[in-house]
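This report looks at selected local features of one protein model. It should be read beside the sequence and the coordinates.

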Amino acid sequence: MKRRVAISILGTTLDMGRREDRWNRWRPNVGLCQQTGFFIDRVELIHDNHSDWLAKSIIGDIETVSPATEVRQRIINLKDPWDFSEVYTKLRDFSRDYDFDPDTEDYLVNITTGTHVAQICWFLLTEARIIPGRLLQLSPPRDREPGQDYAGTHRIIDLDLSRYDEIAKRFASERDDAASFLKSGISTRNAAFNRMIDEIERVVIRSTAPVLLTGPTGAGKSQLAKRIYELKKAQRKVTGPFVEVNCATLRGDQAMSALFGHIKGAFTGSAGERAGLLKSADKGVLFLDEIGELGADEQAMCLRAIEEKRFLPVGADKEVSADFQLLAGTNRDLRDAVQDGRFREDLFARLNLWTFQLPALRERKEDIEPNLDFELRRFLEREGQNVTFNKEARERYLVFATGAEAAWSANFRDLSASVTRMATLAPQGRITVDVVNDEIARLKNAWGGVPRMVAADHVILELLGGDAAGKLDLFDKAQLSAVLDVCVDHVSASAAGRALFANSRLDKKSSNDADRLTKYLARFGLKFEDIRDGRRS
């Protein structure tokens, strides 16, 4: 059995009693130790120096009603017991200094005594698990029989909401709603993607730290960033606007002005002031898409703005402030950019607290069908026309879209454009097999007119030569084709390695994915750089 420990503030009004008639009134800290079948092993009694005489009186009466209960006096002096900042700080310091041992002791925080401010502070400290315990509420007796003591009743409040079925169901429903919101209501089926969205939902609601979204162009980084902002706004985490900037469009002297603003006369042609995008995002969310394209000077300024929420407009001698939450997106491997000296290591470290890799569409083939329906709904909202597939056409399109021939090189942009074309050309709002066949031919032509695996086979022949390629077993040829297919889609061996060894790398204490890939390619006399060059030739 764990020892039961109560943390309680001395009630300078409710616990008052000097004469013998004090036993004829309810006093919470005495009643605490009179509860039937609820023995308190120790009371941590908190009071200030001025109430020492009352504390000693209560301790004596507790000894009378419960001789085995230990009472420890804890002195906390407050200048103003109604000052929230002071009360919280003092109670937090007490809690952090206390040697809690939850393995052997059960802690109860009495919220019956003390000011309402103190009660709120107890709740916050317990809910945050700074105090690893539960709340205790005492109540006076309602109908006291003659000769009955004034112990009253007690109730324990456990702040672990998962213990309450109805509340847990409600919270689970709200989490599901938030995750569905981030997915634009699309019933995605890819398990890894769904887990990532669930984690993003928890992060963006609980944290104001920067979030880095990585992944290939067209994977949905910009769309997800907007949904994150809308979720934060719905949860009242931000009140300002969503400001999006594609860093690849910021070039030369205008980049600093666009981001950080300028004062009048800062440079030739600056006839007026400009607030800048960071200032415009004050109290809201700033999305720096393709952040890997920022120049060195802009990176240095951004780092300070992220850390201190302050920056210097171009030409100004006085700083301005902007309290924004940052989202960043990139299709580059920023680790490689850091190693090459193209991206600041300290800025990457600041961005890399929460990094989420959005997979390419071809890695989420099971999500193509629900996204197909989503794109048709978007077409309806945009054009006011309800378009559907006939059964055969839908099956034909999905077989192609989820098969080896579908490259989806621009990811969801390809899919969105494809659906828009079919919906536009559909006779009487019905997409037929003929429309689908025409669209498949159009996509194949856009992707080079050759299946991905056939293209990879061509690369094997080109890199190894006819004799070496002809000697490969079918097993080795299929495996090498798949590896080459990944390599040509990534800018570095590190990025390709992480994609290839995404699962097995989790079980390794130290993953060197580039080295694993390099050693595999060396078996065939290949280098990563050769593959990139061979693909381009």
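## Basis

This is a predicted model, in which local features need pLDDT of at least 70 and side-chain atom pairs count only at pLDDT 80 or more, while totals for chains, interfaces and linings use all residues. Residues are numbered from 1 along each chain as its sequence is written, and side-chain values use heavy atoms, with hydrogens and water left out.

Helices (H or I, at least four residues) and strands (E, at least two) are DSSP runs, numbered from the N terminus.

## Packing of helices 13 and 15

Two packed helices are described by the angle between their axes and the distance between the axes. Helix 13 (residues 368-383) packs against helix 15 (residues 412-425) at an angle of about 55°, and their axes are 9 Å apart. Helix 13 is therefore oblique to helix 15. Angles under 35 degrees count as roughly parallel, over 145 as roughly antiparallel, 65 to 115 as roughly perpendicular and the rest as oblique. Axes are lines fitted to C-alpha atoms, for helices over the stretch in contact, and angles run from 0 to 180 degrees between N-to-C directions.

The crossing of helix 13 past helix 15 is right-handed, meaning that the near helix is turned clockwise from the far one by less than a right angle. On helix 13 the contact (heavy atoms within 4.5 Å) is made by Ile368, Asn371, Leu372, Glu375, Leu376, Arg378, Phe379 and Arg382. Helix 15 contributes Phe412, Leu415, Ser416, Val419, Thr420, Ala423 and Thr424. By class, the contact has 8 nonpolar, 4 polar and 3 charged residues. Here Ala, Val, Leu, Ile, Met, Phe, Trp, Tyr, Cys and Pro count as nonpolar, Asp, Glu, Lys and Arg as charged, and the others, Gly among them, as polar.

## Salt bridges

The structure holds 30 salt bridges, each defined as a side-chain nitrogen of Lys or Arg within 4 Å of a carboxyl oxygen of Asp or Glu. One of them joins the side chains of Glu44 and Arg74, at 2.9 Å from N to O. Glu44 lies in strand 2 (residues 42-47) and Arg74 in strand 3 (residues 70-75), so the pair ties together parts that are 30 residues apart in sequence. Glu44 is buried, with a relative accessible area of 0%, whereas Arg74 is partly exposed at 27%. Buried means under 20% relative accessible area, exposed over 50% and partly exposed in between (1.4 Å probe, protein chains only). Glu44 and Arg74 also belong to a salt-bridge network with Arg3, Arg42, Glu70, Arg72 and Glu105.

Arg304 and Glu308 form another salt bridge, with the closest N and O atoms 3.2 Å apart. Both residues lie in helix 10 (residues 296-308), 4 residues apart, about one turn of the helix. Arg304 is partly exposed at 31%, and Glu308 is partly exposed at 41%. Between Glu319 and Arg310, the closest N and O atoms of the salt bridge are 3.1 Å apart. Glu319 is partly exposed at 25%, as is Arg310 at 33%.

## Positive phi angles

Most residues other than glycine have a negative phi. Arg236 has a positive phi, near 60°. Arg236 sits in the loop between helix 7 (221-234) and strand 8 (242-246), and is exposed, with 75% relative accessibility.

Glu290 also has a positive phi, near 50°. Its place is in the loop between strand 9 (285-289) and helix 10. Glu290 is buried, with a relative accessible area of 12%.
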